[in-house]
Each structure stands twice: as C-alpha cells, then as structure tokens.
Amino acid sequence: MFGNEKKLNRRLRREFLTTAASGIGGVALASMFADDAVAASARVTAPRPTHFPPRAKACIFLYLAGGPSHVDLFDPKPILNRRHGQRMPDSMLKEVEFAFIEKDKAVLKGSPAPFRPRGNCGIEYSDMLPGIASCADDIALIRTMHGEQFNHHPGQLLLSCGKAELGRPTIGSWMLYGLGSEANNLPGYVVLTAGRGASGGSSNWSSGFLSSTYQGVPFRDRGEPVLYLSNPPGIQRENQQRAIETIRHLNEIRYESNSDPEIASRIAQYELAFSMQSAAPELTDFSSETQATLDAYGIGRATPRPAADMQNGDTYHRFSANCLLARRLVERGVRFVNLVHASWDQHDNLKHDLDWNCRMADQPIAALLRDLKDRGMLDDTLVVWGSEFGRTPLGQGDDGRDHHPIAFSMWMAGGGVKGGIVHGETDDIGWSPIQDPVHINDFQATLLHLFGLDHERLTIDHRGLDVRLTNLGGKVVEDVLFRGNQ
Amino acid sequence: MSCHHGSTRRTLFLLMCCSGIAGAARADDVSFSRDIQPILAKRCYACHGPSDQESGLALHDRSSATTVAESGQLAIVPGQPGASALVNRISSVEPSIRMPPEGEPLSADEIKRFTDWIAAGAEYAPHWSFVPPRRPTPPEVRHPEYARNPIDQFVLEKLDAIELAPATPASRAKLVRRLYLDLVGLLPSAAEVAEFESGGKGYTEIAVHLLESEHFGERWGRHWLDLARYADTFGYERDDVRPNAWRYRDWVIRSFNRNQPYDQFVIEQLAGDLLDNPSLDQRIATGLHRMNIKNNESGINKEDYRNREMVDRVNTTSTSMLGLTLGCCQCHSHKYDPFSQVDYYQLYAFFNNVETNDAEIEGTADEQQRYERAKTELNARRNHLEARQKLLTEMRQHDSFADWCGDDTEKTNQLVELWELPESIIAALREPAANAESMEPFWNTLDGLEDDVAQAKRQLSVQERHLPKPYIMTLRECSSDRRQTHVLERGDFKSQGEKVQATTPDILPSLVARGDSPDRLDLARWIVSRENPLSARVAVNHIWAHLFGRGIVTSADDFGTQGEPPTHPRLLDWLAVEFMESGWDRKQLIRTIVHSATYQQSSRARHSSDPRQELAFGPDNLLFARQSRFRVESEVVRDIFLDASGLLHRELGGPTMHPPVPVSVSDIGYKYKTRWIVSDKPQRYRRGIYVHFKRTNPYPTLLMFDGPESNVCQAVRNRSNTPLQALATLNDPVFVECAQALGQTLARSRAADRDRLDWLARRLLARAWGPREIDAMLQLLESERAWYREHPEQAKSLVGEYVADSIAPSETAAWIASARTALNLDEFVTRE
C-alpha cells in the first residue's frame with residue numbers, strides 16, 4: 001500500500017502512535033507497516049523500560065491543596081495542647097515568615113481533635129479521619145515533610161514540578177515521559193477535580209516545556225469527561241465513523257504522495273480519539289459497579305451545609321465519584337491520576353471547615369484503599385496523600401492556622417511502600433523536624449524510585465541544563481520502601 | 001521537540017564529516033569554536049571552566065590551560081600534542097586517569113580533533129556568536145541558475161557538496177497558500193489562487209500585498225508576543241486581570257504593520273519612557289516588562305516577588321533579544337558560557353529601579369474624559385436597573401396589581417418613571433379606579449420584565465468590564481529611594497552580596513553610556529548597536545524560523561556554547577548584516593527571504609540511497625534541501641477554520657474577547673470574579689490573538705495546539721500531535737460552527753455536487769481533489785444525504801441555526817458533515 005516503508009525514518013517509528021488493538025482503523029493501520037513490532041514501539045507514550053525493576057505501575061496522587069493541618073490530622077502533639085494559649089520563644093520565630101500571623105500576637109493553638117492508636121501498628125491518627133486511620137497498617141506516614149515555599153501557588157509548583165517555577169513539567173508528565181503508558185484508549189495522565197480546583201490551576205498538571213503529549217488531561221466530572229469528547233448534536237457514532245474513515249482515507253492518499261510521517265501520526269490520533277469516545281463514557285458509567293461498592297465510596301451522598309469549599313453543589317458526591325474513577329482509570333492502564341481538591345486553607349473557621357473536608361475525603365479515600373487491596377491492585381498502585389504545606393501550630397485569629405512549610409505530613413500506601421510505619425519525627429509542638437526530615441524533592445525522588453526510575457538519570461536537556469523533577473536535590477527515603485519477599 | 005536538540009547536533013556533525021563540506025575537520029583546518037569548544041563545554045567546563053577550576057585548571061582560558069597546573073603538568077603545550085597532559089588524559093585507557101571521569105570516554109574522532117588542534121597551535125577563538133558578523137561573499141555554486149538571490153547560493157553550496165540538487169519548486173497554488181499562512185496566517189480565496197495560477201497576478205505582487213495587509217501585524221506580532229510572555233492576567237493564585245494589557249499587544253501589531261525598524265522596536269520596549277518627550281505609544285511599548293507574572297496573593301513577601309519579577313525581566317531581555325539563557329547565573333556563574341553571576345546582577349541593576357507597585361500611566365486627556373463620561377453613563381444605567389429590580393422584587397411579594405398598589409400614587413409614579421410605558425397604560429394609571437382591572441395584563445408580564453432586567457444587567461456588566469480604563473501598565477523609574485543592586489547569593493533575595501552597578505557583560509562589546517550611571521536607554525541602544533554580535537543574528541533567526549519551521553540556529557533561545565551551532569553560519573551572518581544595513585527593516589528581510597528559491601521549494605519529503613543525502617532528508621531538514629511541512633500554530637488553526645467558514649470577524653485590535661468554552665472549563669481557578677463571559681457575535685469570531693489569555697486557565701484549544709503558557713519568554717513552540725487535538729477540531733462547538741457555516745454556504749449553491757466539492761477543496765487546500773479523493777468525498781456526501789433523509793431530527797440538530805432557506809435540512813446536514821470532514825484533513829491544518 002505504501003511504497004516506501006523501508007524509508008520511514010526513526011522519527012516515524014518514534015512518533016507514530018498506533019492503536020493496532022483497537023479502533024476502527026486498527027487493521028488498516030497495522031497493515032501500513034510490514035513490521036508490527038516497529039509500529040508497536042512507535043507509540044509516543046508506549047511503555048518504556050525503567051532504570052531498575054519497578055514496584056509500582058500506577059499512581060493516584062490525592063492532592064489536597066491549601067495545606068491540611070498536620071497537627072490536627074496526622075501528628076499528635078499533647079504538649080502543644082498543654083501549652084495552648086502560650087507564646088513561642090522569640091528565638092524560634094526570628095527566622096520564620098508567615099503569610100498572615102503577626103508575630104508579636106501569636107500564641108500556640110492546641111488541637112481540638114483526639115488522637116488514638118490504630119491498626120496493628122498502633123500509629124496514632126486523629127479521630128477526624130477514622131476511615132483512613134483504619135488503613136493504618138497499609139500506610140507509610142511521613143511526619144517530617146518540608147519545603148521552602150510558604151505561599152500557595154509557589155508551594156504547589158514545588159510539589160508538582162520540584163521547583164517553585166512556572167514552565168516545568170509536573171510529576172505526571174515526568175512519569176509519562178519516563179515510563180510511557182499502558183492505556184490504549186485513554187490518556188496516560190488524568191486529572192480529576194472536585195469542588196474548587198487548586199489555586200495554581202492548570203500549572204499543576206502542565207507538561208511545561210515538554211510537548212503537550214505529556215500534559216495531564218482533565219477529566220471532568222460534569223458534562224463530558226474529556227473536553228470535546230461528545231459528538232456535536234446531529235452527529236451520531238455512525239456519522240463520526242464515516243467521517244473518520246474518510247479522513248483516514250484522504251490522509252493516506254496524501255501520505256502516499258508526501259510520505260510525511262506526521263500524516264501517519266495524525267491518522268493514528270484520529271483513531272485514538274475515536275476509540276476514546278467510547279472508552280471514556282464507559283469509564284464514567286458506574287452501572288457495572290455493585291451497590292456495595294458505590295455505597296462504600298459514598299456515591300450519591302449528600303453534601304452538608306454550610307459548605308467549607310465555598311461551593312454550593314455536590315462536592316461530597318463528586319469527591320467520592322473521583323475516587324472511584326481513579327480506581328477505574330488505573331484498571332485501564334492509566335499511569336498517573338492527579339485527584340485535586342482545594343480548600344484546605346483554614347486561616348479561620350478551622351474546626352468546622354476541617355471537619356467538613358475530612359468528612360468529604362475520609363470515607364472515599366478509605367474505600368479506595370480497601371477496594372484496591374481487595375482487587376489485588378494495591379501492590380502495584382501507589383496512593384499518595386499530599387499538599388504544598390501544613391499549618392502552623394500557632395493559632396491565627398480565634399480559630400485558624402497559617403501556612404507552615406517547615407514541617408507537615410504526607411503519606412503513601414501500596415505500590416511497594418512499607419505499610420504501618422511512621423517516618424520522621426517533629427518537635428513537641430509539630431513546628432520542625434527533629435529526626436529524618438524529608439524535603440519535597442526527597443519525596444519526589446522516592447516516588448520515582450518506586451516506579452523504577454532514578455531521579456538523577458531521568459533528565460531532559462532544556463536550554464542547556466539537564467533538568468530533572470527533583471531540581472538540585474532529592475534523596476530516596478529508603479525507610480519507606482518495602483524490602484520483603486520481592 | 002526541544003528535548004531532542006542534542007540529536008540535531010550529532011546528526012549535523014555526522015553530516016559535516018561525511019560530506020567533507022562546511023569546513024569539516026581537516027588537520028590544517030580545525031576550528032576552535034566549531035570543533036573544540038562544544039566538547040569542552042559539554043564535557044570539561046563543569047569542573048575546569050568559567051565557574052569551577054579544579055586543580056586550578058581553567059580550560060576556557062588559554063593562559064590557564066597553557067600554564068603549569070597544581071598537578072605540576074601542562075594541560076596544553078601548543079604545537080606539541082604529545083607533551084600535552086590533556087591529550088594523554090583524554091586518550092588514556094586507564095579509568096582512574098582518563099578524563100572526563102564520568103560518562104563515555106571521548107570518541108576517537110573527538111580525540112583526533114584535540115590532537116590536530118593542539119598540533120596547529122591550540123589557538124583559542126571566541127565562541128562564534130560573540131564575534132560580530134561580517135558580510136560574507138556569496139559562494140560560487142555549480143548551478144547558478146537555481147539561485148534567485150544570495151540566500152540560495154549559501155544553501156546550494158552545501159547541497160553541491162553532497163551532489164544534491166535542490167527540491168523542485170512548490171506548485172503555484174501551494175506556494176500562494178504557504179505565503180498566506182506565513183505572512184498573514186489566513187487562507188487565500190479560491191479566486192486568488194486561480195488568479196496566481198493563471199499568471200494574472202505575480203508572486204511579488206501577492207507578497208507585497210500581504211506584507212502591506214493589516215493582518216501581517218497580527219500574524220507576526222503574535223510571534224513576538226510568545227517572547228514577550230504576553231497575557232491578559234497576572235498569574236499566580238489570584239490571577240487578576242491586568243488592566244488594558246491589550247494596549248501593548250496592539251502596539252506590537254501596529255509596530256509590525258508600520259514596519260517600525262527593529263532597533264526602534266527594541267529601544268521603545270526597553271526604554272520608551274526614557275526617550276525625550278516620550279509619546280503615549282512609546283510609553284505603552286514599555287509594557288513589555290509589565291507582562292511578567294506577578295503575585296498578588298495575600299501574605300506574600302513583597303521583596304521576594306519583586307526580585308522574581310526583576311529576574312524575569314533580565315531573562316526575558318536576554319533570551320528574546322540576545323539569544324542568551326542567563327537564568328542559571330541568577331544563582332551561580334554560568335558553567336559553560338563566559339557569564340558570571342556579577343554580569344547577571346549588573347544587567348539586573350538596569351531594571352532594579354523600575355516602579356513595581358501598579359504604577360500605571362494615564363492615557364491622554366481625551367481618553368480620560370471619554371472614560372469618565374462613559375462611566376457616569378453606565379453608573380446611571382446601573383442605578384436605573386437596580387431601581388427597576390427593587391420595584392419588581394417588591395411587586396413580586398403581592399398577588400395582584402391592586403394588592404401591591406392600592407391607592408398609592410407614589411407607587412404608580414415610580415412605575416411611570418422607571419419604565420417607558422405605552423400611553424394607554426400611563427393614562428390608566430392616572431385613573432386610580434381603573435387601576436386594578438386595566439393593569440392586570442401588565443401584571444402578567446412581570447416574568448418577562450424581570451428577565452429583561454436580568455439580561456440588561458448582564459449586558460451592562462460586560463460593558464463595564466470592557467470600558468477602556470485609561471490606565472496602562474508601563475515602566476517608570478523610581479525618582480527617590482533608589483535601590484542599590486547587590487549580587488544575591490544563590491539567587492536568594494535575603495542574601496545580599498557585593499554591590500554592583502548597571503553595565504553589560506564583559507565578554508560582549510562595552511557599553512557606551514550617556515551619563516555616569518547607565519540606564520535602560522543605554523542598555524537598549526547597546527543591544528541594537530552595530531557592534532553587538534548577537535542582536536541581529538537572533539532577530540533574523542527568529543524571522544527565518546517562522547518561514548522555514550526551524551531557525552538556522554535551531555535553539556533560537558540559546559546562542560551560547562550549549563546551544564546548537566548554526567547549520568548555515570555564513571547565511572546567518574549574511575542575513576544579519578543585510579538586516580542591519582537595511583536599517584533593521586523587517587518587512588524587507590521577509591521579502592528577500594520569500595523571494596529566494598530556497599523558500600519556494602516544495603516541502604515534499606525526499607529520499608535517496610546515498611547515505612550522505614539521506615541524512616540531509618531527515619526530519620530536521622538540516623540543509624534546507626526542501627521546504628518544511630508543519631501543522632500551523634494554535635491561533636492559526638482557529639483563524640483558518642473561521643476564515644474558511646466565512647465567520648471570521650476581521651476587526652483589528654481592541655479589548656480581548658471570550659469565545660465560548662464549556663462550563664467545566666470556565667469553572668477552573670480560584671477567583672470567580674474573573675468568570676468567563678462569552679462575547680457577543682461577531683466579537684467571538686475574532687482571531688486567536690484576541691482571545692482573552694487567563695494564565696491559570698488558558699483557553700483550552702490554544703494550549704492544546706502548543707500555544708505558549710505565557711509565564712516565561714518562549715522562543716520555540718513545540719509541535720505535538722495528539723488525540724485531544726482531533727477531538728477539538730471534530731467536536732469543539734467553535735469548530736463545529738465553522739463546519740455549519742461552511743456547510744450552509746455549500747448547501748445554498750446550485751452547482752453540481754462535484755463542482756461544490758471542487759470549490760471546497762480549492763477553498764481549504766488551494767488545489768483540486770485527485771480522482772480518488774473526489775470519489776471518496778462524493779461517496780461520503782451521498783451516504784450522509786441518505787442517512788439524514790432517514791433521520792430528519794438529527795439533520796435539524798446538526799443544522800442548528802444554520803438553516804439554508806428552501807433547502808431541506810437533510811441536504812444542509814449532509815453538506816455540513818462533508819465540510820466537517822474536509823476541515824479535519826491533515827492537509828488543511830498543515831502549512832506545506
């Protein structure tokens with residue numbers, strides 16, 4: 001059919017994205033190339049070899065933007081409670097910057113939430129997150145996270161891109177770049193938002209200076225799941241099929257006379273688009289899930305008023321649906337799911353708003369962890385709870401806390417992580433790490449390590465610099481890696 | 001893709017070696033800057049370079065390299081490779097001795113280049129781009145008949161060396177389409193194509209027509225806006241609207257349209273405010289350095305973010321105008337290029353005293369007055385609408401007119417005052433007895449009245465938002481409390497190091513200042529001085545890149561040692577000198593380039609069994625042995641869809657507009673006060689350059705087709721090819737509407753199917769269908785016709801508002817479906 005197959009250059013092989021196994025044109029496309037192996041290896045996001053054997057295949061990153069309070073959720077501080085209302089020594093405040101707290105008025109604020117030991121490991125979690133706490137034996141809790149950025153967007157960039165700078169690829173882009181994707185009919189990097197999106201907007205899932213092939217694709221929980229996925233009114237699937245067949249046919253004719261590999265790539269993109277049109281609605285159709293599963297995640301539950309995320313909608317249901325969608329995406333080979341929810345920025349009204357958020361997040365996240373475990377997926381699916389910073393042990397106003405990047409908590413579960421452990425220790429009031437600090441770049445290095453990637457070798461030459469996710473830092477936190485019978 | 005530049009360099013080198021041209025490394029002809037420096041920069045400078053000198057050895061500096069090092073050895077003994085420690089170390093087989101200690105050893109060829117270079121005397125020459133360009137003589141070529149101007153001689157010289165003829169010229173139709181897309185970013189009409197094909201219009205005539213078209217400025221201004229990181233909002237969390245950012249955008253468009261010389265273009269943007277009696281336009285030009293992202297989040301450290309803005313200004317200036325990536329020098333001296341951290345902060349000092357609180361300049365007195373008048377008028381209208389709303393709300397609480405009003409004449413008076421009621425009703429209102437009954441019809445229209453008020457308020461909000469505030473953000477020097485600039489250790493704004501004064505980097509020609517303390521105007525004049533080795537090269541390289549798909553230097557943002565060397569160095573220099581001597585005339589340069597045979601070649605891929613030639617035919621098109629074929633930029637995708645459909649609204653300049661987006665898109669982001677309110681027709685059909693650019697939530701199709709995120713200066717766009725792009729052009733309502741409008745036009749025609757389809761091909765692709773293509777299109781048309789006849793409801797849905805009078809919806813629908821298919825062909829969105 002094509003006279004010059006042998007002359008297809010390396011670029012064609014690299015860039016040609018085949019959907020040989022699916023899509024209407026699969027057969028025709030496969031026949032364009034005598035060598036199917038060449039065609040298969042040509043996918044831009046085809047799975048790629050790792051630096052060393054990976055433990056995790058997929059990541060669900062629960063991005064609770066705004067800065068959830070570590071001292072109220074994950075890091076119990078009885079001494080902080082006892083010193084409630086007292087001032088901190090000036091020496092400790094000298095070098096610190098706050099967004100809002102006035103230093104001369106600041107006093108310590110104890111946590112209203114009781115903590116208790118959970119699971120066989122006996123690690124203490126706040127009563128505000130009973131569901132997540134019940135999974136304590138699967139969780140590696142890091143209590144000594146830290147970074148330098150004390151404002152939201154720069155902090156979010158540090159967490160997403162490894163440096164507080166716009167224009168760099170985000171974690172998911174790095175993973176897609178380094179690993180490719182196993183999803184045939186869906187993008188490899190998917191973003192789910194419920195309620196208010198993160199303040200950094202699309203910079204939290206941008207591919208930065210990498211091609212847009214590697215950017216996170218927001219799946220929308222209202223309307224169509226992928227932008228422009230639905231056919232316009234009056235175009236049914238059969239019309240779309242005829243259109244795409246004709247486009248392919250005409251593009252093939254052009255390719256014969258021109259042999260520009262970009263045309264072959266374009267043909268493949270239309271095929272993939274067409275197969276996404278059926279795969280994505282199937283993905284968001286929960287009718288094949290049991291009622292027990294739906295109930296476990298809290299699908300359809302009511303959202304209490306007043307809403308802490310300043311939305312007047314159905315955030316609870318949407319967050320639940322996103323957790324379930326995350327599992328379904330991973331089942332279909334998606335590499336990285338970024339599940340974003342903002343509004344953890346409790347400068348005031350902390351008691352009500354934090355409680356409201358926890359009730360939203362706790363049940364579906366716990367359901368997700370258990371569901372993944374029951375299906376045998378937790379072994380190679382890494383679940384991360386993270387945010388750009390935590391909150392001050394100092395109070396702000398009557399019932400608030402300010403931004404605190406000096407120490408905060410994040411956790412990982414599954415995907416080759418040791419469960420039931422705590423890594424790192426903060427001081428008596430949760431102010432700074434006193435043992436085993438973990439910088440955000442260290443966390444990122446660890447995350448890549450679990451996927452078989454060496455963060456120092458996964459680099460891109462950009463403007464003369466070897467850019468990497470972990471910027472200039474990054475040290476793998478060996479302590480959280482599962483070393484059992486591998 | 002930018003991340004594969006490394007391979008371009010390797011391929012280029014291979015090509016030079018096997019072709020034996022471009023001055024390949026013969027023993028008596030080793031070039032330091034071409035053959036040696038790239039290796040030193042890549043493999044040695046990290047430890048023995050401008051910033052670090054392990055064992056006291058600095059290989060970038062000849063005197064250090066030829067003096068006895070701490071080890072007691074001589075790295076380089078000129079003329080004696082055997083006595084040079086460098087040669088021994090790089091060729092050692094013993095890993096503990098071999099240099100460089102990490103990575104692959106140098107190849108035999110690389111070692112030979114060092115040996116030859118030292119044997120020939122180890123002469124150091126500065127990096128090519130730091131030496132001012134001199135006009136080269138165009139070379140003799142084997143087939144002078146191929147050459148239309150000197151550009152072709154430089155290109156042919158390299159083709160001659162591998163015994164390759166240039167590509168055949170593009171067909172006249174494809175050529176005119178290329179010219180339209182490149183110069184104005186729009187499509188030629190079918191008639192224009194025919195006129196050119198038949199010889200009715202000459203190539204020069206068309207080129208001149210397009211260069212003089214006002215759409216030229218939109219097309220070329222947009223290229224500059226990538227470098228200027230233009231956006232309509234500030235970025236970061238709050239991402240507020242930047243007032244009147246578009247005034248700067250319009251200034252850029254006008255600058256291109258009036259063919260402002262490039263040196264003036266640079267001077268006005270960097271220092272328009274420092275010129276004598278600057279005009280409003282010259283001050284607007286300085287908006288360039290108010291386009292940076294700016295954090296308005298509460299609770300930030302203001303000095304921290306002021307510092308970041310300054311850094312961005314230095315980086316943007318150096319990347320866009322000098323082709324230098326100095327960003328790393330913010331924290332430490334450049335590892336590879338001869339720029340120190342002190343150099344960096346000396347440039348920083350030029351900008352360190354610009355006002356950064358929202359220093360806004362006022363427009364002209366006339367603009368002020370117009371603004372005040374319009375604002376007063378809008379306020380009055382808002383009050384009026386609020387009063388109506390209040391009265392309606394009050395009426396709503398009653399069951400009937402009588403119940404509301406009773407005998408209260410004050411209430412009826414209010415009614416008469418607030419609404420323009422028909423005389424009959426006014427009369428009735430004056431007759432209290434008649435009130436109740438005669439007013440019931442009026443009472444029944446309350447729903448409608450409330451809707452009217454709501455709609456009027458929405459319109460008013462849009463008008464208020466678009467009310468051109470007479471403020472523009474520009475640069476202004478602080479007159480008091482001027483800051484002393486320091487080196488910031490590790491780039492940390494809190495760690496002030498040594499004091500520095502504003503001046504330019506040591507390695508480049510020295511600055512000539514007007515007074516004792518050099519200012520931005522001195523900097524700007526230095527940038528566009530004839531002695532500056534970088535500016536003209538960088539500028540012509542940008543222009544070349546937009547006409548060939550890649551620059552002569554592919555790393556358009558890096559002319560330093562880490563960047564790609566030019567594939568045609570002498571061509572670059574010829575263009576640069578030509579450009580300066582023409583008075584930095586951009587249109588003249590474009591005109592010269594598009595008149596070259598090189599530009600007019602076919603873009604068809606070429607093949608050869610000769611390995612030297614095959615390399616030249618690779619995707620990077622290293623020798624310009626053909627034209628390039630690439631998908632058009634994101635704005636142009638939008639523009640040609642609108643143009644082909646006839647919907648395009650060609651208004652030039654003015655405030656931004658908001659095309660329709662799905663609610664799920666407009667909802668993203670933190671602040672709802674900048675919610676996306678869709679513009680009315682025909683505003684929403686304007687070109688992509690006018691789409692409101694919100695940094696934290698950019699208009700999706702712009703980014704989907706690799707438009708810049710506009711956070712930092714961007715010199716090269718990616719060209720991705722993704723399924724999301726296919727979904728957008730198939731299903732985005734904006735693009736679907738284009739298919740509807742185009743389908744309606746086709747359905748209205750009385751011509752035969754075949755003729756209508758033929759017109760479609762000429763309109764979209766500037767050519768006729770081939771026999772197999774027309775068969776496929778006819779078959780599609782017939783299938784859709786039959787299908788929509790059987791599915792009349794679907795036909796009506798597809799046709800929507802685009803009903804063609806007296807034509808059956810199934811017929812129009814079939815044409816829309818066909819037009820939609822043709823608009824999605826690869827060739828339509830491709831510049832060939």
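Chain A has 15 helices and 17 strands. The model is predicted. Work through the exercises with the structure in view.

**Exercise 1. Chain A as a whole**

Task: State what percentage of the residues in chain A is buried, and what percentage of its contacts joins residues at least 24 apart.

Solution: 
- Step 1. Take burial. Chain A has 486 residues, and 64% of them are buried.
- Step 2. Take contacts between residues at least 6 apart in sequence. In chain A, 79% of these join residues at least 24 apart.

**Exercise 2. Helix 23 of chain B**

Task: Decide whether helix 23 of chain B is mostly covered or mostly uncovered, and name elements that cover it.

Solution: 
- Step 1. Count. Helix 23 of chain B spans residues 520-527, and seven of these eight are buried, so the helix is mostly covered.
- Step 2. Name the buried residues. They are B:Arg520, B:Leu521, B:Asp522, B:Leu523, B:Ala524, B:Trp526 and B:Ile527.
- Step 3. Find the cover. It includes helix 12 (262-271), helix 14 (302-322), helix 15 (341-351) and helix 24 (535-548) of chain B.
- Step 4. Check the start of the helix. A side-chain oxygen of B:Asp519 comes within 3.1 Å of the backbone nitrogen of B:Leu521.

**Exercise 3. B:Asp273**

Task: Why does B:Asp273 count as buried, and which side chain makes a polar contact with its side chain?

Solution: 
- Step 1. B:Asp273 sits in the loop between helix 12 and helix 13 (280-285) of chain B.
- Step 2. Apply the cut-off. B:Asp273 has 16% relative accessibility. Buried means under 20%, so B:Asp273 counts as buried.
- Step 3. Find the polar partner. The side chain of B:Asp273 makes a polar contact with that of B:Arg520 at 2.8 Å. B:Arg520 is one of the buried residues of helix 23.
- Step 4. List other neighbours. Among the residues that B:Asp273 touches are B:Pro278, B:Gln282, B:Leu475 and B:Glu477.

**Exercise 4. Where chain A meets chain B**

Task: Describe the contact between the chains by residues, buried area and polar pairs.

Solution: 
- Step 1. Count residues. Chain A gives 79 and chain B gives 88.
- Step 2. Take the area. The chains bury about 7300 Å² between them, 54% of it on carbon and sulfur atoms.
- Step 3. Turn to charged pairs. There are six salt bridges between the chains. One of them joins B:Arg772 and A:Glu256 (3.1 Å, N to O).
- Step 4. The rule finds 27 residue pairs across the interface.
- Step 5. See which elements of chain A take part. Those giving two or more residues include helix 1, helix 8 and strand 16. Helix 10 of chain A gives the most, with 16 residues.
- Step 6. Sort the side of chain A by class. It has 30 nonpolar, 33 polar and 16 charged residues.

Notes: Residues are numbered from 1 along each chain as its sequence is written. Chains are lettered from A and ligands numbered from 1 in the order in which they are written. This is a predicted model: local features need pLDDT of at least 70, side-chain atom pairs count only at pLDDT 80 or more; totals for chains, interfaces and linings use all residues. Side-chain values use heavy atoms; hydrogens and water are left out. Buried means under 20% relative accessible area, exposed over 50%, partly exposed in between (1.4 Å probe, protein chains only). Helices (H or I, at least four residues) and strands (E, at least two) are DSSP runs, numbered from the N terminus. Contact means heavy atoms within 4.5 Å. A polar contact is a pair of N or O atoms within 3.5 Å; within protein, one must be able to donate a hydrogen and the other to accept it, and residues adjacent in sequence count only if both atoms are side-chain atoms. Buried area is the accessible area (1.4 Å probe) that two parts lose on being put together, summed over both. A salt bridge is a side-chain nitrogen of Lys or Arg within 4 Å of a carboxyl oxygen of Asp or Glu. Ala, Val, Leu, Ile, Met, Phe, Trp, Tyr, Cys and Pro count as nonpolar, Asp, Glu, Lys and Arg as charged, and the others, Gly among them, as polar. Lists of a residue's contacts leave out its neighbours within four places in sequence.
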